[in-house]
Amino acid sequence: MKVYKNEKAKKRVLDTYDKLLEMWNVDKEERDIQTTYGMTHVILCGNKSNPPLVLFHGVGDNSALMWIFNAEFLARHFWVIAIDTIGGPGKSIPNENYNKDFDGIIWIDEVLKELGIDEIFIAGTSNGAYLAQYYGVYRPYRIRKIICMAGGVPDSSFSSKKAMVAMMRVFLPEALFPTLNNMNKLIKKLSGKNSMVFTSNIAIMEHYQALLKGFNNMAMRYHNLIGFNDSQIDLIRNKTLYLLGEADPFVEKGGQDIFIQSGLKALFFPDVGHGINHEIADEVNAIFLDFLLPEVKNVE
């Protein structure tokens, strides 16, 4: 499965990826890990003696873009492991097995085993929020706590088809013709009042345009999304915090009531959209520390 439409597109994405990574403003190590489904690229930062925090980005983006406003802060308190999802537009490279019987749990297991990690904190945004919950459901004994941003609870009605329809409704038609004007329109659809954190950043806009033009969206088709039943949700209920923007086009009306009725802990933020950890980065960073390591927050 080709991740990029051609070699020129791949080069542009990876060149602009590196520019964003330089803006993280933190010492880091990039590492490639061989797995059953191909080579997985991870970015490591922070002290290895700190609690490990595994981060997953969304569909159509990557670690360099997703954590640009969070990595420096999080690396002060955690050993940060930002994973480029295999099949996504980062530096991970799928092999022939990815097309056949991809199993996300086996994939994550193998990455963590190579890093020598057992018990973890885990967080993700959008599709990354799904991956965090998915791993929490199937490996609950390995998860200390979970933070899900811009992503709800995948109940029994959830499916890959439903997620795809929702994405098309939001991203089209602008994503098909990623001119600067259309990119600004799309970002405003996705964001709240702080869309300028994207549109005023030249490096982010260059990279985002490269992604829209060069990424083969079909490369993520082997990540099969499934809903969870009540007993599965119970496995993560008391260890998960959801962060959602009220201006997020993917958040359903009455979303707050759904979380209340389900007994799940969620925080909703007015005038915040799908890029929640970019739009209110300082607030999100503080919540990470407060929820995951409250003893550290209390000391500070």
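In this predicted model, the buried residues of helix 5 are Gly104, Ile105, Trp107, Ile108, Asp109, Val111, Leu112 and Leu115. They pack against strand 1 (28-35), strand 2 (38-45), strand 3 (52-56), strand 4 (79-83), strand 6 (120-125) and helix 6 (127-138). In an α-helix with 3.6 residues a turn, residues three or four places apart point the same way.

Helix 5 covers residues 104-115, twelve in number, and spans 17 Å from its first C-alpha to its last, close to the expected 16 Å. Its N-terminal end is capped by Asp103, with a side-chain oxygen 2.9 Å from the backbone nitrogen of Ile105. After helix 5 comes Gly116, which has a positive phi near 70°.

The whole structure contains 13 aromatic pairs. Two of them are tabulated here.

| Pair | Geometry | Centre to centre | Angle between planes |
|---|---|---|---|
| Tyr37 and Phe102 | edge-to-face | 5.0 Å | 75° |
| Tyr130 and Phe228 | stacked | 5.9 Å | 15° |

Tyr37, in the loop between strand 1 and strand 2, and Phe102, in the loop between helix 4 (98-101) and helix 5, are 65 residues apart, so this pair links distant parts of the chain. Tyr37 has a relative accessible area of 3% and is therefore buried; Phe102, at 15%, also counts as buried.

Tyr130 in helix 6 and Phe228 in the loop between helix 10 (202-214) and helix 11 (230-234) are 98 residues apart. Both Tyr130 and Phe228 are buried.

Ring pairs also join Tyr37, Phe56, Tyr98, Phe102, Trp107 and Tyr222 into a cluster. Elsewhere, the charged end of Lys145 sits over the ring of Phe291, 4.8 Å from the ring centre.

Conventions. Residues are numbered from 1 along each chain as its sequence is written. This is a predicted model: local features need pLDDT of at least 70, side-chain atom pairs count only at pLDDT 80 or more; totals for chains, interfaces and linings use all residues. Side-chain values use heavy atoms; hydrogens and water are left out. Helices (H or I, at least four residues) and strands (E, at least two) are DSSP runs, numbered from the N terminus. The expected span of a helix is 1.5 Å times one less than its number of residues. Buried means under 20% relative accessible area, exposed over 50%, partly exposed in between (1.4 Å probe, protein chains only). Contact means heavy atoms within 4.5 Å. A polar contact is a pair of N or O atoms within 3.5 Å; within protein, one must be able to donate a hydrogen and the other to accept it, and residues adjacent in sequence count only if both atoms are side-chain atoms. Rings of Phe, Tyr and Trp (its six-membered ring) pair if their centres lie within 6.5 Å; planes under 30 degrees apart count as stacked, over 60 as edge-to-face and the rest as tilted. A charge sits over a ring if NZ of Lys or CZ of Arg is within 6 Å of the ring centre and within 35 degrees of the ring normal.
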